[in-house]
Amino acid sequence: MSLVVFYLALRMPFNGSLLAGLYSPEKGRRLQRLIRVLLLSGLMSSCLGWQEERWPPAPSPPDPALPPPPPPLTAPPSPRGREGSAIPQFPWPPPKASAFAKVPRAWMIPASLSPVLQNVADHLEEVLGETGYYEKSYYAIPGGFALVLPIEQMQQDGTPTAEPDRWAIKILHPRVVDLQSYIQALFTAPVGYYRVSVWIVTDQMVTQDPVPPSRDEASKWMGGGIISLPSETGKITYSAAHETAVLIYEFEKREEADPIFNPQSRLSGRTHLEKTGVWGLLKG
Amino acid sequence: MSGKQAKNVLVIVWFVGSGLLFSVLILQSLFRFSPTEREAVWSLFLPSIVPTLTLIIGVLVTETLGQAQPQAWVMGPIFSLTLFLSALYLVAIGLPIFLSPFSDETPIALLRASQLWMVPLQGLTSAALGAFFVHKPK
């Protein structure tokens, strides 16, 4: 558009011939000059406006008459990672879980190892790896760390769905093998049961926020953390005050419907861990 | 075959076929579909069945009331074509419903996909049925 205006402004004759029929030659020349100036100035102002839109506005200086803005209500500052960057902070207190379980302290670290959080994390990673959880995401929490496992699909009794469907987000349709399973599949909606497990190792009191997460939020936890425990956090002593808890976030999804958070799982947190095999491996 | 017999055959095909589909969809609406799904499925299903049933019922009622004379004889090929298209059409409507347990797609997605071939098929079937039921012998 600007180019068209620019072209018209340049191509406009100087002798006032465009307005020859309406005004006298002198008046026509003046009017045409005026129109040209207006077109070019409009073009320049639109270009400047475009520049202003493209560039972010400069921050305005704070008004001394106004009180300083209150500090944001967030968790304490995160520790620094290996490269000095801030470690993502897990929501604290954690959102309301469907179920939870407390894991005995002695199970979290072999007696032969020094009691630091790095050894706890290593032991936990080893056990989780044996049960199929190869991807983990670490977050900072006050007094320790949170370890988020990927969202997994499970059966109604908490048993993980066989791989590779275990990590599939799409609802799995039951296999049709006979007339009974066909009729069941025809008249009942397949339901997807999903679970996100969050391991929390901290010396702080663990409470839960009354607001549960959405499945999208819970799914994003996996991608929002870091893949290994920061060295600074790993050096913290796993003291007698430290506790390990698992928060289970359970979701149900029917076809064409939004996933629904299950505020109260039919299974206890311990049953969830037993079904995944983690409880038995930690127990030794 | 007389015109009345031929119409009776088509009426049976249409009412049995659509009745079966209606029954299955009602049960699915009660036990399977969410409110959103119900609305979507019925809004796809009804326009494909109701106009034809309305035409058939309209002709039958008109004939019963004596306002129109039933056709004495029908041409075999026209009846066969209409019967074939009707059966094919009803089967085509039923396919996404009855095959949904074997698919990973939702029933709504299958019904939407079936509209691709249902629209031309519906045109052909409606034309054949209209010619058959509304045709007046000379």
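Among the elements covering the buried residues of α4(A) in this predicted model are α1 (3-31) and α3 (76-98) of chain B. The α4(A) residues concerned are S181(A), Y182(A), A185(A), L186(A) and F187(A), each of which is buried.

The helix α4 (179-187) of chain A also takes part in the largest pocket, where α4, β4 (152-154) and β5 of chain A are the elements that give two or more residues to the lining. The space in this pocket amounts to about 510 Å³. Its lining comprises 20 residues, and those nearest the centre of the pocket are L172(A), H173(A), P174(A), P190(A) and V191(A). By residue class, the lining of the largest pocket consists of eight nonpolar, nine polar and three charged residues.

Three cavities of 30 Å³ or more were identified, and the volume of the largest cavity is about 50 Å³. The residues that line the largest cavity are L128(A), Y133(A), L149(A), R195(A), S197(A), W199(A), I248(A), H272(A), L273(A), T276(A) and V278(A). Of the residues in the lining of the largest cavity, seven are nonpolar, three polar and one charged.

Definitions and conventions: Residues numbered from 1 in each chain as written. Chains lettered and ligands numbered in written order. Predicted model: local features only at pLDDT ≥ 70, side-chain atom pairs only at ≥ 80, totals over all residues. Heavy atoms only, no water. 1 Å grid on protein atoms, 1.4 Å probe; cavity = no way out; pocket = protein on both sides within 12 Å on 5 of 7 lines; lining within 4 Å. Points joined across faces, edges and corners; volume = space filled by probe spheres on them. Nonpolar A, V, L, I, M, F, W, Y, C, P; charged D, E, K, R; others polar. Helix = DSSP H or I, 4+ residues; strand = E, 2+ residues; numbered from the N terminus. Buried < 20%, exposed > 50% of the residue type's maximum accessible area, 1.4 Å probe, protein only. Contact = heavy atoms within 4.5 Å.
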